[in-house]
Amino acid sequence: VASYKNQTLLGGVVRFKFALSVEPVLGSYEVCATYEKQDKCFSFRVEEYIFPKFSCTITPRDEQIPCFGSKYRDQNTERRICYTVSAEYTYGQKVKGKVSYTASLKRGSMCNQ
């Protein structure tokens, strides 16, 4: 609870900040102000913050991924595997950020035959 009395208005406006604790009591709150016998109130809710959920899709750019086994060393094969990585929040907005990934060849795959 905080109370500010006899404050000087600058240009007809007064501004205050009230910091919530690290673990505030969740629920509805009301802020009221009285000026020249007129009351004005504003209601708001403090709710638990839930981190937005998103999904991530990793798609190879080409249908065929080049193989780098010993029988392919003499060929002029591009040694870079390119992927498109995209992420989207559950409500449809694209996720902005950076991505890093590591790709490796599993033993017994088609490239090792």
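What follows is a short chat about the predicted model shown above.

Me: What kind of model is this, and how are residues numbered?
Reply: The model is predicted, so local features need pLDDT of at least 70 and side-chain atom pairs count only at pLDDT 80 or more, while totals for chains, interfaces and linings use all residues. Residues are numbered from 1 along each chain as its sequence is written, and side-chain values use heavy atoms, with hydrogens and water left out.

Me: How many helices and strands are there?
Reply: The protein has zero helices and four strands, in the order β-β-β-β from the N terminus. Helices (H or I, at least four residues) and strands (E, at least two) are DSSP runs, numbered from the N terminus.

Me: How much of the protein is buried?
Reply: Of the 113 residues, 7% count as buried. Buried means under 20% relative accessible area, exposed over 50%, and partly exposed in between (1.4 Å probe, protein chains only).

Me: Which pocket residues are closest to the centre of the largest pocket?
Reply: The largest pocket has a volume of about 940 Å³. Of the 27 residues lining it, Y4, F16, V31, C32 and A33 are the closest to its centre. The elements giving two or more residues to the lining are β1 and β2 (38–46), and β1 gives the largest share, seven residues.

Me: What counts as a pocket here?
Reply: On a 1 Å grid over the protein atoms alone, a pocket is an open set of points where a 1.4 Å probe fits, with protein on both sides within 12 Å along at least five of seven lines; lining residues have an atom within 4 Å of a point. The volume is the space filled by probe spheres set on the points, and points are joined across faces, edges and corners.

Me: And the lining by class?
Reply: The lining has 16 nonpolar, six polar and five charged residues. Ala, Val, Leu, Ile, Met, Phe, Trp, Tyr, Cys and Pro count as nonpolar, Asp, Glu, Lys and Arg as charged, and the others, Gly among them, as polar.

Me: Back to F16, where is it?
Reply: F16 lies in the segment before β1 (27–35). F16 is partly exposed, at 37% relative accessible area. F16 also belongs to a nonpolar surface patch with Y4, L9, V14, F18, L20 and Y35, which together have about 690 Å² of accessible area. Patch residues have over 30% relative accessible area and no salt bridge, and nonpolar side chains (Val, Leu, Ile, Met, Phe, Trp, Tyr) are joined within 5 Å. Areas come from the Shrake-Rupley method with a 1.4 Å probe.

Me: How many salt bridges are there?
Reply: There are two, each being a side-chain nitrogen of Lys or Arg within 4 Å of a carboxyl oxygen of Asp or Glu. E47 pairs with R45 at 3.0 Å, N to O, and both residues are exposed. E88 pairs with K94 at 4.0 Å, N to O. E88 is partly exposed at 36%, whereas K94 is exposed at 56%.

Me: What is phi of E36 and of K37?
Reply: Phi is near 50° for E36 and near 65° for K37. Most residues other than glycine have a negative phi. E36 is exposed at 64% relative accessible area, and K37 is exposed at 84%.

Me: Last one, where is Y29?
Reply: Y29 is in strand β1 and is partly exposed at 32%. The C-alpha atoms of Y29 and F44 are separated by 5.4 Å, though the two are 15 residues apart along the chain.

Definitions and conventions:
Patch = residues over 30% accessible without salt bridge, like charges linked within 9 Å, V, L, I, M, F, W, Y side chains within 5 Å.
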